[in-house]
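Please look through the structure shown below, and then follow the text that walks through its parts.

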Amino acid sequence: MDFNHYYTNNEIETTLRGWEKTYPSLVTIQKIGESHEKNPLWLMIITNQSTGSDSDKPAVWLDANIHATELTGTTVVLYIANQLLESYGKDERITKLLDHNTYYILPRTNPDGAARAMAARPRFVRSGVRPYPFEDRQEGLHEEDIDGDGRILQMRILDPNGDWKISSLDPRLMQKRAPDEQGGKFYRMLPEGTLENFDGWNIKVAPPLEGLDFNRNFPYDWRPEESQHGAGPFPVSEPEIRAVVDFITKHPNISFAVAYHTYCAVILRPYSNKPDDQMNTDDLWVYQKVGKRGSELTGYRSVSVYHDFLYHPKEVTTGGFDDWMFDHLGVFAFTIELWDLPTAAGIKDRKFIEWFRDHPHEEDVQILKWVDEHAPEQYVPWYSFDHPQLGKVELGGWDRLYSWTNPHRSLLESEAVKNWPFALALGEMLPHLKVLELKSTPLGDDTYHINLVLENTGYLPTYTSQQGKTRNAVRPIRVELELPEGVTLVQGKARLEMGHLAGRSNKFEFTQVEAASPTDNRARAEWVVSAKRKGQLSLNIYCPRGGNLKRKIEVGCQD
Ligand SMILES: [Zn+2]
């Protein structure tokens, strides 16, 4: 396996099928749906099948590449899958993890869009390739590779009223014209592309023909086009998102989820549209704690979208994956924005979004210097080009797809290496139901006392989050007894609701002085049965998020 590599749709399928052959007891490949262009959506189900089916075990969901050009996530989740598979049976920690838990991994949510981005003559669409909201190209500039060199770069056009100039520090770079600056040589900057219905004077940037954003198409607070661009005609209108939502809602065993995007090197969490004080406080504390662990393991910062990652201070986004997962299902879901060129170049703690509006020009120079040393082909020297509509222009600047949006190939594996420990840690924080004791004690006269003690050994409670409980998204633990012939119930119920069990996540005391660790992660049930002859009592224990268990116990006389 090469992880300094961007995988095509075919390569993903070949890789997954290869793993299914090599690790038949650990990997199942499932087609969960088809894209708009009928490309398969391949999901990997990773667990030790011999210790139980995937849906009877607590689970983590990982997906990637919902946004067409954000290819890094695909390689990162393939790396994570490979680590799990290769380490099983060798590393005790991972062996135990896959014996008891499931990873659902969707390496490419958006095969149509990714194929456009990776084409010999690339096209950058946000998500889906279906024209939306209109069937035809609107008036203005459409981004494309006009000279067919396989890259979409920038165009610069000399114009006395331009807002850019050639950098005073590095003549390859462009620099913003100062507010009061006069009399220099100025440029307009535009994305490489062609113009629809150009009148010779007015250059506007057209809304994209393929205007869908799949990460606005989830059912959480979905809003129509007039209020939010790209959300589609109705929630889950797009087949890719419908497939994801269908699968996830049929798998209540999922407690953690990560959607891998690019870029900014940050772990994002809900909400996107409201402040932290509107989230259940206990859930907020868990989100912060898990996010902080993520920061320690990845080196990325961990923030709320609403507080630290809004594209515009007064505009919020809705209909996103993580908000839906948390708000409707009570799943702790994160969006990880992989990779960050400024951070790689040594610019620390920049303001994620504000930085793009304003930052010292010296930082652009610092970034280009770093690129010169690591992957110089990411920045293309300006060259002259006869534009079919604009006449003489220059093309050059950033090869955005493999510099800003994604790392250069040679830097890809190191991004995956950073992210693997957090994906592993999430599996180790899942709720996990265990039978602490199951014992039958003879009481005389062919009656037996059955004692069952269950324990949640996980960090999360069996309801995952207060939100999950409030939404009734997680059914409490229940036990069903199956009595063999000749055995009858004297005391207790054959179908017993046992409520939920806490984990360690609700224990917030941070000083030893105040410490209290009650056994709120345990529950006990008792029955008395009458057994005229020897038989086996079956207990089916259902705990959707902590795992379903089956146990048997002997009752009745030995003779
Ligand atoms: Zn994205």
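At what angle do the axes of helix 6 (residues 281–298) and helix 12 (residues 412–428) cross? Before the answer, a word on the source: this is a predicted model, in which local features need pLDDT of at least 70 and side-chain atom pairs count only at pLDDT 80 or more, while totals for chains, interfaces and linings use all residues. Residues are numbered from 1 along each chain as its sequence is written, and side-chain values use heavy atoms, with hydrogens and water left out. Helices (H or I, at least four residues) and strands (E, at least two) are DSSP runs, numbered from the N terminus.

Two packed helices are described by the angle between their axes and the distance between the axes. The axes of helix 6 and helix 12 cross at roughly 145 degrees and come within 8 Å. Here axes are lines fitted to C-alpha atoms, for helices over the stretch in contact, and angles run from 0 to 180 degrees between N-to-C directions. The crossing of helix 6 and helix 12 is right-handed; a crossing is left-handed if the near helix is turned anticlockwise from the far one by less than a right angle, and right-handed if clockwise. On the side of helix 6, the contact is made by Val290, Arg293, Gly294, Leu297 and Thr298. Helix 12 contributes Lys418, Asn419, Pro421, Phe422, Ala425 and Leu426. Contact means heavy atoms within 4.5 Å.

Next comes the metal site. The zinc ion is coordinated by ND1 of His67, two OE contacts of Glu70 and ND1 of His261, at 2.0 to 2.6 Å. Donors are N, O and S atoms within 2.8 Å of the metal (3.2 Å for Na, K and Ca); water is not among the atoms, so sites may look incomplete. Along the chain, the donors follow the spacing H-x2-E-x190-H. His67 lies in the loop between strand 3 (59–64) and helix 2 (72–87), and His261 lies in strand 11 (residues 254–262), so the pair ties together parts that are 194 residues apart in sequence. Why is the arrangement around the zinc ion irregular? The 4 donor atoms subtend angles of 54 to 150 degrees, which makes it so. Four donors count as tetrahedral if all angles lie between 85 and 135 degrees; four count as square planar and six as octahedral if opposite donors are over 155 degrees apart and all others between 65 and 115; anything else is irregular. His67 is buried, with a relative accessible area of 3%, and His261 is also buried at 3%. Buried means under 20% relative accessible area, exposed over 50%, and partly exposed in between (1.4 Å probe, protein chains only).

6 strands form an open sheet in the order 8-7-9-6-16-15, with antiparallel pairing. Two strands pair if DSSP finds at least two bridges between them. Strand 8 (174–176) and strand 15 (379–387) stand at the edges, each with a single partner strand, so one side of each is left without a neighbour in the sheet. From one strand to the next, the twist averages 40 degrees. Strand 15 is joined to strand 16 (residues 391–398) by 7 bridges, and Ser384 stands opposite Glu394 in strand 16. Helix 11 (residues 361–374) lies across strand 8, strand 15 and strand 16, and runs at about 75 degrees to strand 16.

Another open sheet is formed by 4 strands in the order 17-18-22-20, again with antiparallel pairing. Strand 17 (433–444) and strand 20 (487–491) stand at its edges with a single partner strand each, so one side of each has no neighbour in the sheet. In this sheet the twist averages 30 degrees from one strand to the next. Strand 18 (residues 447–456) and strand 22 (residues 522–531) pair over 9 bridges, and Tyr448 has Val529 of strand 22 as its bridge partner.

A few details of the backbone remain. Most residues other than glycine have a negative phi, and most peptide bonds are trans. A cis peptide bond joins Tyr132 and Pro133, with omega about 5 degrees. Another cis peptide bond joins Thr262 and Tyr263, with omega about -10 degrees. Lys38, which is not a glycine, has a positive phi of about 70 degrees; Lys38 is exposed, with a relative accessible area of 59%.
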